[in-house]
Amino acid sequence: MMTLKINGKHFEVDVPADMPLLWVLRDVLGMTGTKFGCGIAQCGACTVHLDGQPIRSCIMPVVAVGSRNVTTIEAIGQTTSGAKVQKAWLDLEVVQCGYCQSGQIMAAAALLATNPHPNDADIDAAMAGTICRCGTYARIRAAIKRAAEPS
Amino acid sequence: MDFERLLNMTKDGAVFASEDGVSRRTFLKVSAAAGGGLLLSFILPGMIRSTEAAGAKTGASFTPNAFLRIGRDGRVTLIMPQVEMGQGTYTSMPMLIAEELEVGLDQIQLEHAPPDDRLYANSVFAGFHVTGGSTSVRAFWEPLRKAGATARVMLVSAAAQTWKVDVASCRAEKGMVIHVMSGRRLNYGALVDQAAKLPVPAKVTLKDPKDFKLIGTSAKRLDTPDKVDGKAKFSIDVRLPGMKIATVAACPVFGGKLAAVDDSMTKGIKGVRQVVQLDAAVAVVADHMWAAKQGLAALAIRWDEGPNAQLTTADIVQQLEAASRKPGVVARKEGDVAKAMATAAKKVEAVYQVPFLAHATMEPMNCTVHVRKDGCELWVGTQVQTRAQATAAEVTGLPPEKIQVHNHLLGGGFGRRLEVDFITQAVQIGKQVAGPVKVVWTREEDMQHDMYRPYYYDRIAAGLDAQGRPIAWTHRVTASSLVARYVPALFKDGLDFDAVDGAAEPPYTFPNLLVDYVRQEPPGIRTGWWRGVGPTHNIFVVESFIDELAAVAKQDPVEYRRALLSKSPRAKAVLELAAEKAGWGQPLPEGHGRGVSVQFAFGSFVAQVAEVQVAKDGEVRVKRVVCAVDCGVVVNPDTVKAQMEGGIMFGLTAALFSEITLKDGRVEQSNFHDYRMLRINEAPVVEVYLVKSAEAPGGIGETGTAASAPALTNAIFAATGKRIRKLPVNRVDLRST
């Protein structure tokens, strides 16, 4: 048995140590906001935060999470940067099919939490790991800049 | 719809409109008069809802047609005939209904339509229940406005009757009917019972476009709020009591079969429940995806690889090339090309090729199935609800009415979810599993068992007069026929109309023209519809070749095209607008170039100008794409812009990087590390300019994709002098010497 701290709550899970966090979240805990896209950390759809740092949960063995706080898309709106990102995403109508957007928002929220005024190169570096097949990149960039503006 | 069938649906737990307090006779009268109104519903959280079929009570409601239902509580539910895969139908379709129904978008709820080829027929796409081909607005522009207007007229009549006043003295607004003189008002909920008794008017007058309050505005999308906080459910997110999760490996060689499976190492893995064998695939059923994946990896599988075990891409191309040497079925003939070619001052000939492409939707293929003795339920994301139902019926032997299809938001369609192969497979697996099972493909499985955009082999030629103008034009397309497989009734006399879409009717005026099609099916590999379909391939060829002719004639590419567009003023207009906004003709730094493309496809006119930079080492950076769009009347301008932006990214990705290749009968690519995607740091700036138009609406979902490749390669030519006749670009050596 393992205890995980996710979105401020404790969960006891009985899962293999090498099971990726993604599947613990989705299949065991029923938190399906974090998505499966590739399984090899190439697409970013599975992005969650560990103590605020963005990681690809599809390759993170659950045992490696330890006592760190896991934050998922379901709770990111409770953080300042997360809420700003979600609002900007809706204000600028970033979203099309939406499947990649949990990962996009988690990556963007992590960026803004540590870098309140990212430039284009910062955005490139933080967001190049999250693929969007619908091609919403231009609006993602604009929305990050919008979220970075002083409210 | 007969009474017996209605009764059976009730027994299955389907939810009717008008169940409580309204006699069955009344309900039947309404249903029969309205030509339907039987609605299956399902529960989903958030704005896009379903009520779980068994036991839910909607209360009495008014259901004048298959697209909307209003309850006594005033709740307005719109039934979406077209699925949402990012293209914005779950906003544009409601806008059409709400405009005429006189309700705000904040007053409605949405439901996914159940499968019904009659009620939800798409008149622009082969007349069945399907979302695709950029047809949603074109097909439902009138039917949905009529549906909203019909309901409004009945509600106003009901109010007028209640108040014993003239219908003309009442007006509808924001879900209420108001008697103007007295100020009396009744909201729609209060009028439901009365309205349900009225005859459905055969004819209604639709609003004059100048009176539109909603259509033409960039209304906020209805599906997006749930997509930014994890609430939106895709079919891969389905969770049911007792549900197991399975992943599957089908024979990696197309046409092969399963020979033997040794599961001795699999059964002991914690969480693995069952190994299911099919003719050509094996699945591992488990408590969670991780155990299923581990279980699959631990199987020792022997495949009977079948006849295609040595197949390579080169074999397929060789077959296409050989077939292309013989004349095909004529798609269009003007004048006498042979005679005109003989008199031409110059002849230009080329072979163009575009590769097999995977769809790579972000949500991999998946389907949840529960097969019972007396019925079957599917939870899926599909563009073809009735085909999903039909394949489940075939596999289970149950009648279609016993197959419930719970549709979902799609995590990408692009044409992949027009196919039901993964549903067929899931039902076959589900037959061997007790209880519900969610079958999820890994990315590798998804990429290697796609229904690929066909490889096209095109022979194109033109004869030019002394001024460099084309006086003869021939274009032969050789490829797999998608129409013959997908809608065989429309495959007539050997001509696949999609294979020549964008080739047979270019916007240019050529006095002598011959376009023909040779059908050549590749062995093994399955082909299917890919965003932009026929135009994506043909516009690349036509617009690249026209650009070649301009170069031979030593004329400016925009001017050259403009001179040939005299019979197509709308095409000319978008060309001029795009060129103007792009600053065509203004100087660019060395290594930079601009390229243009024009198209008429999906009922819309588009011109794109791409600006690229090609580095000395041959790397291509797309800096900017400017596009001008005339898609007739626009429902939601922001959605149109977003579709152009996204379509362009999709097309550029493919043109720059994408190809699916075969070796030893297997697809070589498997995931995003070897099937490269355009990412945010490589994305160009995209500017979209909409032409204001009152013409009939054109399609937009695929339009951006088709025109992007030639704009790109024409720009590369401008920058480097190198002409690209075979995609993808990154296979071409663009290093400067």
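Select helix α17 of chain B, residues 703–720. This is a predicted model. α17(B) is mostly covered, with 17 of its 18 residues buried. Now check its length. At 1.5 Å a residue, the helix should span 26 Å, and its end C-alpha atoms are 27 Å apart, so the two values agree. Step just past the end of α17(B) to B:Gly721, where phi is positive, about 80°.

Next, color chain B by domain. Domain 1 covers 3–225. Domain 2 is made of 235–306 + 365–440. Domain 3 is made of 313–356 + 452–731.

Look at where domain 1 of chain B meets domain 3 of chain B. Here 18 residues of domain 1 are in contact with 20 residues of domain 3. Which elements give two or more residues to the domain 1 side? Select α3 (89–101) and α4 (136–163) of chain B. α3(B) supplies the largest share, four residues. Color this side of domain 1 by residue type: eight residues are nonpolar, nine polar and one charged.

Stay with α4(B). Is this helix mostly covered or mostly open? It is mostly covered: 21 of its 28 residues are buried.

Now zoom in on B:Glu142. α4(B) bends there by about 35°. A proline, B:Pro143, follows within four residues.

How values were computed
Residues are numbered from 1 along each chain as its sequence is written. Chains are lettered from A and ligands numbered from 1 in the order in which they are written. This is a predicted model: local features need pLDDT of at least 70, side-chain atom pairs count only at pLDDT 80 or more; totals for chains, interfaces and linings use all residues. The expected span of a helix is 1.5 Å times one less than its number of residues. A residue is buried if 20 or more other C-beta atoms lie within 10 Å of its own, exposed if 12 or fewer, and partly exposed in between; C-beta atoms are placed from the backbone. Domain bounds come from an automatic or database domain assignment. Two residues are in contact if their C-beta atoms, placed from the backbone, lie within 7 Å. Ala, Val, Leu, Ile, Met, Phe, Trp, Tyr, Cys and Pro count as nonpolar, Asp, Glu, Lys and Arg as charged, and the others, Gly among them, as polar. The bend at a residue is the angle between axes fitted to the seven residues ending there and the seven starting there.
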